[in-house]
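Good morning, and thank you for joining. Please have the sequence and the model open while I speak.

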Amino acid sequence: MTNPIITEWTPHHIEAFGKEPLRFNHQAHLSPLFSNETLADLIERTPRESYYVNTMKRGAKDRSSRREGEIRNLSGLDVLDAVAKGHIWIMLLNPEKVISGYSHLLDQIYSEFQEHVPSLNVFKKKISILISSPNIPVFYHCDLAGQTLWQVRGEKTVYVYPNYEPYLPQPNLEKIILNEAHEISLPYDQAWDNVASSFTIKPGDMLHWQLYAPHRIQNGNCVNVSFTTEHVTPTVRRNFVVNYANGILRRTLGVNSLSQTTSGPQYWSKLATVAAAKSLRLQKGREQKFKIDFTVDPAAPDCVRDIPAYQFSK
Ligand SMILES: [Fe+2]
């Protein structure tokens with residue numbers, strides 16, 4: 001039998017899974033999947049549509065200076081060197097398509113979740129890898145699927161906020177679900193930090209929180225390697241449908257008081273609204289457009305070199 005990835009499940013972990021922010025202990029950080037050699041290999045073989053690289057002004061507190069970039073003509077080790085010296089944040093999507101070990105890791109994680117929380121009923125899951133420069137932040141945002149965050153190397157502080165108003169305004173959530181706004185478009189007020197759950201996480205720590213809970217991250221003064229998993233369950237899908245339909249109703253009918261119930265006739269009428277909107281092509285697909293205006297360059301200040309801007313869609 002293989003060693004478990006999550007090393008401790010308390011009754012509280014099981015009872016509160018997906019309902020509140022929780023910290024778990026894990027040993028995925030010991031895996032050779034996260035050695036410099038494997039990460040460098042992964043970076044070199046990850047296709048353009050499967051990564052993001054961002055930068056922003058040092059000390060930025062909001063998204064206004066955030067930029068999207070590209071990685072070109074660099075070895076994976078050069079990129080890791082640029083992360084260590086510079087001010088960049090890299091997210092590698094679908095790593096399991098390049099190195100199958102990540103797929104086994106993801107399967108094992110979810111079989112452990114399912115074993116301890118049988119009601120979870122995951123029908124879609126994915127894994128992404130984050131490699132980030134010392135002190136770089138991830139701005140306040142929410143994600144649309146169930147999320148876990150696994151710390152592999154370095155240290156970061158994660159602030160998790162309640163998933164209701166004013167921390168998560170319903171119209172803003174709907175815009176994200178309708179693909180009209182980026183996840184980091186949520187309004188953020190520093191005063192809300194008083195109600196946040198904060199966790200400083202080190203290698204061997206994992207966090208999971210309730211659906212849509214907004215969060216932001218401050219990386220420590222060191223290179224950080226982490227990975228996230230995302231999962232879709234019937235609950236996640238039902239919430240998506242309700243908020244999608246509410247977004248359409250708010251726009252087309254100017255309705256402002258919208259229920260978030262996920263069962264019964266109200267839910268089914270919303271399901272019909274979504275189906276109708278899709279068939280009428282009222283909503284655009286989930287294609288995303290980016291303006292790329294820098295390239296990672298280990299010789300440039302912050303390892304960020306300006307390039308003529310171009311548009312990239314994925
Ligand atoms: Fe997130």
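**Domains, sheets and selected residues**

The C-alpha centres of domain 1 and domain 2 are 29 Å apart. The model is a predicted one, in which local features need pLDDT of at least 70 and side-chain atom pairs count only at pLDDT 80 or more, while totals for chains, interfaces and linings use all residues. Residue numbers start from 1 along each chain, following the sequence as written.

The domain assignment of the protein chain places residues 11-233 + 290-313 in domain 1 and residues 239-278 in domain 2; such bounds come from an automatic or database domain assignment. Between the two, 8 residues of domain 1 are in contact with 7 residues of domain 2, where contact means that the C-beta atoms of two residues, placed from the backbone, lie within 7 Å. On the domain 1 side that touches domain 2, the classes are 6 nonpolar, no polar and 2 charged residues. In this classification Ala, Val, Leu, Ile, Met, Phe, Trp, Tyr, Cys and Pro are nonpolar, Asp, Glu, Lys and Arg are charged, and the others, Gly among them, are polar.

I turn now to the sheets. Helices (H or I, at least four residues) and strands (E, at least two) are DSSP runs, numbered from the N terminus. Two strands are said to pair if DSSP finds at least two bridges between them.

In which order do the 10 strands of the open sheet with mixed pairing run? The order is S1-S10-S7-S12-S5-S4-S2-S3-S13-S14. Strand S1 (22-25) and strand S14 (304-313) are the edge strands, each pairing on one side only. From one strand to the next, the twist averages 30 degrees; for such angles, axes are lines fitted to C-alpha atoms, for helices over the stretch in contact, and the values run from 0 to 180 degrees between N-to-C directions.

Within this sheet, consider strand S7 (residues 146-153). Of its 8 residues, 7 are buried, so S7 is largely enclosed by the rest of the structure. A residue is buried if 20 or more other C-beta atoms lie within 10 Å of its own, exposed if 12 or fewer, and partly exposed in between, with C-beta atoms placed from the backbone. S7 pairs with strand S12 (residues 224-232) in the antiparallel sense over 7 bridges, and Trp-150 stands opposite Phe-227 in S12. S7 also pairs with strand S10 (residues 205-208), again antiparallel, over 3 bridges; here Leu-149 stands opposite Leu-207. Elsewhere in the sheet, S4 and S5 form an antiparallel pair over 5 bridges, and Met-91 has Leu-130 in S5 as its bridge partner.

Another open sheet has 4 strands in the order S6-S11-S8-S9, with antiparallel pairing. Strand S6 (137-141) and strand S9 (197-201) stand at its edges with a single partner strand each, so one side of each has no neighbour in the sheet. The twist in this sheet averages 15 degrees from one strand to the next. Strand S8 (residues 156-160) and strand S11 (residues 215-219) pair over 5 bridges in the antiparallel sense, with Tyr-159 opposite Arg-216 in S11.

Next, helix H2. Leu-39, Leu-42 and Ile-43 are buried in this helix, which spans residues 36-45. Seen down the axis of H2, the buried residues fall within an arc of 100 degrees, so they line one face of the helix; the arc is that of the directions from the helix axis to the C-beta atoms. These buried residues pack against helix H3 (76-85), strand S4 (89-93) and strand S5 (124-132).

Glu-44 is also found in H2. Is Glu-44 buried or partly exposed? With 15 C-beta neighbours inside 10 Å, Glu-44 counts as partly exposed. Leaving aside neighbours within four places in sequence, Glu-44 is in contact with Ser-75 and Gly-76.

Finally, two loop residues. Ile-88 lies between H3 and S4 and is buried, with 24 other C-beta atoms within 10 Å. Its C-alpha atom is 5.6 Å from that of Asn-54, although Ile-88 and Asn-54 are 34 residues apart in sequence. Not counting residues up to four places away in sequence, Ile-88 touches several residues, including Val-53, Ser-133 and Cys-303. Ala-300 sits in the loop between strand S13 (289-296) and S14 and is partly exposed, with 14 other C-beta atoms within 10 Å. The C-alpha atoms of Ala-300 and Pro-265 are separated by 58 Å, at 35 residues apart along the chain.
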